[in-house]
Amino acid sequence: MDRRDFLKYSSLLSAAGVLPEFVYASGVPQRQDKIVVLVELKGGNDGFNTLVPYRDDYYYKYRKHLALELKKHKLFELKNGKALNPSLKALSHFWDAGQMAWIEGVGYPQGVLSHFRSIDIWDTASSANQVLSDGWLSKVLPQYKKGLHGIAVREGQAILGPLDGTNLNCITMQNPKSFEKQAYYIKDVDVSRQTAALLHITNKQHQLYEVGKKITEQMRVNRAYTRGARGFAKGKLGHSLQSVAGMILCGVDAPVYKVTQEGFDTHTLQLGKQNNALYQLAHGLNTFATIMKKNNMWDKVLIMTYSEFGRRAKVNKSGGTDHGTASAHMVLGGRVRGGLYGKHPNLANLDENGNVHHTTDFRSLYATIGKKWWGVNTPWQGYGLIPFIK
Amino acid sequence: MAKLGFVEARHLVSRTGLGAEWNEINRVSHLSLNQAVTQLLQQRNQRVPAIPRLSSWHKMSSLYNNIGRRNMVRRIAMNEGKVLQTWWVKHLLTTRTPFLERMTLFWHNHFPSSIEKTKQANFLYQQNLLFRRHALGNYGSLLREIAKDPAMLLYLDGNLNTKKKPNENFAREVLELFTLGRGYFKEIDIREAARAFTGWTVNKQGKFFNNVAEHDNGVKTFLGHRGNFNGEHIINILLKQKRTAEVIAEKMWHEFINVSRPNPHVIQQWANIFRGSNYSIAKLLHAVLTSKEFWDKRNRGGLIKSPIDLAIGTLRALPYPLPRRGIEHSLNIMGQGVFQHPSVKGWSGGTDWISTQSILIRTALMNDLSGSRFKVGGSVSRRLPNVSGKRMQEWLLATRPVEKVDLTLGKQRLARALVLDPAYQVN
């Protein structure tokens, strides 16, 4: 398709929405069948008040007014002395259905307590003292598929993070609508070899044009399907998940989507703040899952949370918790083998900063997703696989 | 000596200034290379616009220590961070010493201290003045001062580095980013350097304070040297290492020559000049700006314009009106929000400026700027120089255009076509 056709089709974009017969005539779009939705919990989520170890005496000893109690706070009991934060109640039915996995004690040796540095470590799958520039998915996705690899969606500035890499075709957007609008200005250009700098730019622009054309076409032809993606609560995560659901249903061929829930850097008065953030997370994901089920996509989607670190074992003097190390993370999906994995950290044995020692290396989650979900070997197999995928 | 002429002057001005300013290019075109470079290295005007009052350290730390009001610290920092951005962007847009600003920005990126971590706009303002004072001065002095700079002490946790609880953050980055670079030291050197820096902190008045009670007076072993070192000693040892000069020389390559791997022989030469002059930044820059590599035609268009080069350079060089809501937001979303480095590594720059997202924004911005007030005889058209299409292209592009550009278009249309060509994104 040349530039003129592109413009011509772009002008049809708004019209396509009012022509459902035409759209349905083309049949259900070809959709990706192994999608991963990464949910970044920005700020460092406190795992101990998310997956509550209600039989651990140290937990209550360390966190007087912050600790959640099974009866008093109406926790949702899982097993082995673990229960869900009440704000996650909307997701509890996934536990009953065996589609919710929790991995406890996830972290890495010599945990770094800086937000920036630690999220770099998570994004690039590096060690504490190692600086890598490409995201961990750059070592996985090129083996899995060609073309578009991932889309990071966020209101405001989206960051590629794990999707960043010279060998990846990834884009960031606020939502598909504004992306379509901006992509309209992008022309396809000939690759210019005058200088390395110009080669890089024209290559990227060509790539963007191709990816942008695919996404906008897919969204145009199947626009009616975005109507299936509704019912989300207001809020940034809800909006982002709505965009993601819409793109999945329209058959945009990205295997990875990244979204962000903010508000987890809870140094002060943590209870209300964390509950609020978790509540938005639970409702957003539940609505998303409902839509996926309705469209027979729930078996084709895997949702995983991650965060730069967990938080200090003890409550601080402000009713909050300071930067910590290991945390618990959740995996959801139709093909998830529900249960508790990893190991609850030993709260009796803290490091010199008052932080727990991690029990599960975060790279074993990456290795598992690579191997068990996409069938690809990763550099992290040595950290072991975790059987949370059927 | 031979005059530079238009094309060479254009190259020098667009690489050392902020935008290819028509009048400046024409002025420089009558100078010899030496005259032009000497004038650049003499830029001294350090007047900056007045800045609105910023909250004091005293106020911010008492808010922080009051649990109920701690949240205000973040809010104030966010607002004052924006004030700072507006302040510097205004100066970048209007300064008459753009080379000095470019180098101030260079050091701002070499020694990042973002508002997100420090939350002290006041300290960052002071730090910015420090960079401008030393921008063309002496690297040794700059390094010594930055090690005691309040914003830096907060940014890399120097203020938390005490005898009992050494914090390695600053020591690590001094070695890894400010001097030697990875691979030229061991973890033990970081630990020992951290011990030497213990006690350097910020006092209640918001000034550097050497708290001897928190200093570790034990013997340290650092890069093969042994002694009861303090921070000054560590910096002196670092300045004796060959790598320190090389690291800066390599950064200069990426600032002024091209995005590719630096030529090691040239880096050696520059590093020798730098070290031999006891770290005179002006001497190093003189070597860079008079080098064969800088003037090599093959390196024209070898750099990718930073967001500041692109946005501010365009607004300074072309008569497009400043968007009503300013340009700060655009810089932020293109990835170069000043005082807001993404990490301690600063902006990596070069090819990293270009992502699929940033192309969208860069293109949209150029579209917006060049598309405004579009009418024959309008204010934009009137203020564009009356020159041939060929000269227009030589002025605005460092290389041939990527797309076919019709040089017979009216001048405003032609300027727009050139600004929208991918070749406008390189320098």
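**Reading the contacts**

Reply: Start with the chain pair: 36 residues of chain A are in contact with 41 residues of chain B, contact meaning heavy atoms within 4.5 Å. This is a predicted model, in which local features need pLDDT of at least 70 and side-chain atom pairs count only at pLDDT 80 or more, while totals for chains, interfaces and linings use all residues. Residues are numbered from 1 along each chain as its sequence is written, chains are lettered from A and ligands numbered from 1 in the order in which they are written, and side-chain values use heavy atoms, with hydrogens and water left out.

Me: What area is buried between chain A and chain B?

Reply: Buried area is the accessible area (1.4 Å probe) that two parts lose on being put together, summed over both. Here the value is about 3,200 Å², with 61% given by carbon and sulfur atoms. A:F116, A:Q194 and A:I201 supply 18% of the area that chain A buries against chain B, more than any other three residues.

Me: How many salt bridges are there between chain A and chain B?

Reply: A salt bridge is a side-chain nitrogen of Lys or Arg within 4 Å of a carboxyl oxygen of Asp or Glu. Between chain A and chain B the count is one: A:K187 pairs with B:E403, and their closest N and O atoms are 3.6 Å apart.

Me: Which element gives the most to the side of chain A that touches chain B?

Reply: Helices (H or I, at least four residues) and strands (E, at least two) are DSSP runs, numbered from the N terminus. Helix 8 of chain A gives the most to that side, with ten residues.

Me: How many salt bridges does the structure hold over all chains?

Reply: The total is 28. One of the salt bridges joins the side chains of A:E262 and A:R154 at 3.1 Å, N to O. A:E262 is in the loop between strand 8 (256-261) and helix 10 (270-294) of chain A, and A:R154 is in the loop between strand 6 (150-153) and strand 7 of chain A, so the pair ties together parts 108 residues apart in sequence.

Me: How do I read a helix pair?

Reply: Two packed helices are described by the angle and the distance between their axes. In chain B, the axes of helix 1 (residues 5-16) and helix 6 (residues 98-110) come within 8 Å and cross at roughly 45°. The two helices are therefore oblique to each other, as angles under 35 degrees count as roughly parallel, over 145 as roughly antiparallel, 65 to 115 as roughly perpendicular and the rest as oblique. B:S14, B:R15 and B:T16 of helix 1 meet B:P98, B:F99 and B:R102 of helix 6.

Technical notes
Axes are lines fitted to C-alpha atoms, for helices over the stretch in contact, and angles run from 0 to 180 degrees between N-to-C directions.
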